[in-house]
Amino acid sequence: MTATVRTVLGDLDPAELGVCDSHDHLFLRSPRLPGEELDDQGAAAEVLRAFAAAGGRALVQWTPHGMGRGGAALAGLSRGAGVHLVAATGLHQAVHYDPDGLADLYDGLAGLFTAELTTGLRGAPAGTRAGLIKVAGDYHGLGEHTRRVMAAAAEAHHATGAPIAVHHELGTAAPDVLDLLCGRYGVPPRRIVLGHLNRLPDLRLHRHLAASGAYLALDGPSRAHHATDHHLFDTIAALAEAGHAAQLLLGGDTTTRGARHSPGPTHLLTALAPRLAREFGPALPHQLLTANPARAFAAEWAAP
Ligand SMILES: [Zn+2]
């Protein structure tokens, strides 16, 4: 079976993915971020055009089900900008949802995730499919909602082959996530992308997590992660020295309106990539922005 990246326009040869922002948001809505909703299609198009002009070719949106992920707009935006878009199914922490709506979703959660990966996103035109499953841990632990969502994510992974991307609250509970998803539910670590680890700059922990074989997404530079940006290069250096450069991914993680253009996804290419080349040589930005995402987000999709 051939591995492909499942984009909103169809399955793509990973060699065609190109320079990729591995964790970002064109659309996002949460009761936790009032007034900062990313819901403007024109603004999303502008962000993508700027990203493409800077050499960007692909963007992975980690906005899961029920958070205004813009499913109906994604295919048109991708075509218009010439940027491959990967959309997400899955669920975030319970605090990002209306409790009644969430209760209605709990029955048949794995079926919902699987359908969004194989048939199409709920609320989007037929054929606009998700290419990954987004889940979220809690602060230093995994609560009941989280465990329920992760069980469904693992089931949908086994049904489809989809990669699973994980939000870690302040960078914590990643070992618990690997214990649950890999230890209990048998998801291969190389199918998991651990996000937000830069929020807990514990290099020994990072090396331990990387030794599992999972991918590590460093979600910055970004307004949401500004406090972590000063140790991004030390984190990359330590993990590369430990032999884990092939597991590192970079993303802009734009979560508010104010961050759309500054820094926004383009900053990864105009500011971060040249600095990476200067510090570590030209092979490293290619590895982190092109070679690694092509492996991390490609899957041998099971037939529906
Ligand atoms: Zn995010």
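These legends walk through several close-up views of one predicted model. Local features are described where pLDDT is at least 70 and side-chain atom pairs where it is 80 or more, while totals for chains, interfaces and linings use all residues. Residues are numbered from 1 along each chain as its sequence is written, and side-chain values use heavy atoms, with hydrogens and water left out.

**View 1. A zinc ion held by His 23, His 25 and Asp 253.** The zinc ion is coordinated by NE2 of His 23, NE2 of His 25 and OD of Asp 253, at 2.0 to 2.2 Å. Donors here are N, O and S atoms within 2.8 Å of the metal (3.2 Å for Na, K and Ca), and since water is not among the atoms, sites may look incomplete. Along the sequence, the donor residues follow the spacing H-x1-H-x227-D. His 23 sits in strand β3 (residues 20-24) and Asp 253 in the loop between β10 and α9, so distant parts of the chain, 230 residues apart, are linked. Helices (H or I, at least four residues) and strands (E, at least two) are DSSP runs, numbered from the N terminus. Both His 23 and Asp 253 are buried; that word means under 20% relative accessible area, with exposed meaning over 50% and partly exposed in between (1.4 Å probe, protein chains only).

**View 2. Two non-glycine residues with a positive phi, Asp 253 and His 196.** Most residues other than glycine have a negative phi. Asp 253, though, has a positive phi of about 40°, and it lies in the loop between β10 (248-250) and α9 (266-280). Its relative accessible area is 2%. His 196 also goes positive, at about 65°, in the loop between β8 (192-194) and α7 (203-210). His 196 is buried too, with a relative accessible area of 3%.

**View 3. Parallel strands β3 and β4, then β4 and β5, then β5 and β6.** Strands count as paired if DSSP finds at least two bridges between them. β3 and β4 pair over three bridges, with Cys 20 opposite Ala 58 in β4. Getting from β3 to β4, the chain passes through α1, and this β-α-β crossover is right-handed. (Right-handed: with the strands pointing away from the viewer, the path from the first strand over the helix to the second runs clockwise.) Three bridges join β4 to β5, where Val 60 stands opposite Val 86. Four bridges link β5 to β6 (residues 130-136), and Thr 89 has Ile 133 in β6 as its bridge partner. Five of the five residues of β3 are buried, so that strand is largely enclosed by the rest of the structure. β5 is largely enclosed as well, with six of its seven residues buried.

View 4. Helix α2 (residues 71-81) has several buried residues, among them Gly 71, Leu 74, Leu 77 and Ala 81. Together β4, α2 and β5 make a right-handed β-α-β unit. Ala 73, in this helix, counts as buried at 10% relative accessibility. Which residues does Ala 73 contact, leaving aside its neighbours within four places in sequence? They are Phe 27 and Gln 41, where contact means heavy atoms within 4.5 Å.

**View 5. Salt bridges between Asp 11 and Arg 129 and between Arg 69 and Glu 116.** The structure holds six salt bridges, each a side-chain nitrogen of Lys or Arg within 4 Å of a carboxyl oxygen of Asp or Glu. Asp 11 and Arg 129 meet at 3.4 Å, N to O. Asp 11 lies in strand β2 and Arg 129 in the loop between α4 (109-118) and β6, so the pair ties together parts 118 residues apart in sequence. Asp 11 is partly exposed at 38%, whereas Arg 129 is buried at 19%. Arg 6 joins Asp 11 and Arg 129 in a network of salt bridges. Arg 69 and Glu 116 meet at 2.5 Å, N to O. Arg 69 is buried at 6% relative accessible area, and Glu 116 is buried at 1%.
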